[in-house]
Amino acid sequence: MSEPAPALHDTQALRDIVEPLAPPPQDAYAWAALAVAVALMLGVLFTLRWHRRRRARAAIRRLRQMRARFAAGELSPREAGYAVARELRRGLGLARLASDCAPAGTAKAGAGSEWAQLVQALDALRYAPGTSAATPAPAALFDQAETWLRRPEARC
């Protein structure tokens with residue numbers, strides 16, 4: 001004999017059907033959008049910081065090359081002063097060097113006067129009619145410029 005056909009009200013035959021999932025609450029979409037926005041913002045900030053540091057590292061590399069050329073006697077002290085000033089401007093992203101515009105973050109550290117002294121020494125080396133005993137040695141200026149380029153907060 002054959003089995004009788006299941007009745008329409010019998011749910012035993014429907015065991016393999018799975019109910020659909022409930023839609024996620026609306027707040028889940030808002031949290032996901034916020035997470036994506038924060039991730040994008042962090043990515044942009046990281047890229048900007050990386051770009052600034054890359055610019056400073058390139059300036060440090062060029063400063064070292066200029067220091068070697070100066071030590072070899074290929075550059076005069078005046079040319080070395082111009083080279084240091086150019087690389088400081090490039091590395092820090094400044095339009096011009098000014099003693100009254102110290103890079104950001106130096107006022108609280110008390111380094112604003114150090115910046116002013118460096119800029120004045122570069123001006124004396126570049127624009128003085130002749131080298132004098134009061135003019136600082138360009139080798140020391142290379143060191144000071146490299147120190148400023150290594151500071152993460154050094155932006156005007």
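Which residues are linked in a network of salt bridges? Arg64, Arg67, Asp143, Glu146 and Arg150 are. A salt bridge here is a side-chain nitrogen of Lys or Arg within 4 Å of a carboxyl oxygen of Asp or Glu. The legends below set this network in its surroundings.

This is a predicted model, in which local features need pLDDT of at least 70, side-chain atom pairs count only at pLDDT 80 or more, and totals for chains, interfaces and linings use all residues. Residues are numbered from 1 along each chain as its sequence is written, and side-chain values use heavy atoms, with hydrogens and water left out.

**View 1. The overall fold.** The protein has four helices and zero strands. Along the sequence the pattern reads α-α-α-α. Helices (H or I, at least four residues) and strands (E, at least two) are DSSP runs, numbered from the N terminus. Of the 156 residues, 28% count as buried. Buried means under 20% relative accessible area, exposed over 50%, and partly exposed in between (1.4 Å probe, protein chains only). The protein exposes about 11000 Å², with carbon and sulfur atoms supplying 61% of it. Accessible areas come from the Shrake-Rupley method with a 1.4 Å probe; for residues, only the protein chains shown count as cover. Among contacts between residues at least 6 apart in sequence, 71% join residues at least 24 apart. A contact means heavy atoms within 4.5 Å.

View 2. H1 has 46 residues. From first C-alpha to last it reaches 68 Å, close to the 68 Å expected at 1.5 Å a residue. The expected span is 1.5 Å times one less than the number of residues. Arg53, Ala56, Ala58, Ala59, Ile60, Leu63 and Met66 are buried in H1. The buried residues of H1 pack against H2 and H4. Just after H1, Gly73 takes a positive phi of about 85 degrees.

**View 3. A nonpolar surface patch.** Trp31, Leu34, Val38, Met41, Leu42, Val44, Leu45 and Leu48 form the patch. Together they have about 840 Å² of accessible area. Patches are made of residues with over 30% relative accessible area and no salt bridge; like charges are joined within 9 Å, nonpolar side chains (Val, Leu, Ile, Met, Phe, Trp, Tyr) within 5 Å. Leu45 lies in helix H1. Its relative accessible area is 52%, so Leu45 is exposed.

**View 4. Helix H4 and its buried face.** H4 covers residues 138-150. Its 13 residues should span 18 Å at 1.5 Å a residue, and its end C-alpha atoms are 18 Å apart, which agrees. Pro138, Leu141, Phe142, Ala145, Glu146, Trp148 and Leu149 are the buried residues of H4. Seen down the H4 axis, these buried residues fall within an arc of 160 degrees, so they line one face of the helix. The arc is that of the directions from the helix axis to the C-beta atoms. Their cover includes helix H1 (26-71), helix H2 (77-92) and helix H3 (112-127).

**View 5. The Arg67–Asp143 salt bridge.** The side chains of Arg67 and Asp143 meet in a salt bridge, 2.6 Å from N to O. The pair links distant parts of the chain: Arg67 sits in helix H1 and Asp143 in helix H4, 76 residues apart. Arg67 is partly exposed, at 26% relative accessible area. Asp143 is also partly exposed, at 40%.

**View 6. The Glu87–Arg62 salt bridge.** A search of the whole structure finds ten salt bridges. In one, Glu87 pairs with Arg62, the closest N and O atoms being 2.7 Å apart. Glu87 in helix H2 and Arg62 in helix H1 are 25 residues apart, so this pair links distant parts of the chain. Glu87 is buried, with a relative accessible area of 1%. Arg62 counts as partly exposed, at 24%.

**View 7. Arg126 in helix H3.** Arg126 lies in helix H3. At 10% relative accessibility, Arg126 counts as buried. Not counting residues up to four places away in sequence, Arg126 touches Arg78, Gly81, Tyr82 and Ala85. Arg126 also forms a salt bridge with Asp123, with the closest N and O atoms 2.6 Å apart. Both lie in H3, three residues apart, about one turn of the helix. Asp123 is partly exposed, with a relative accessible area of 28%.
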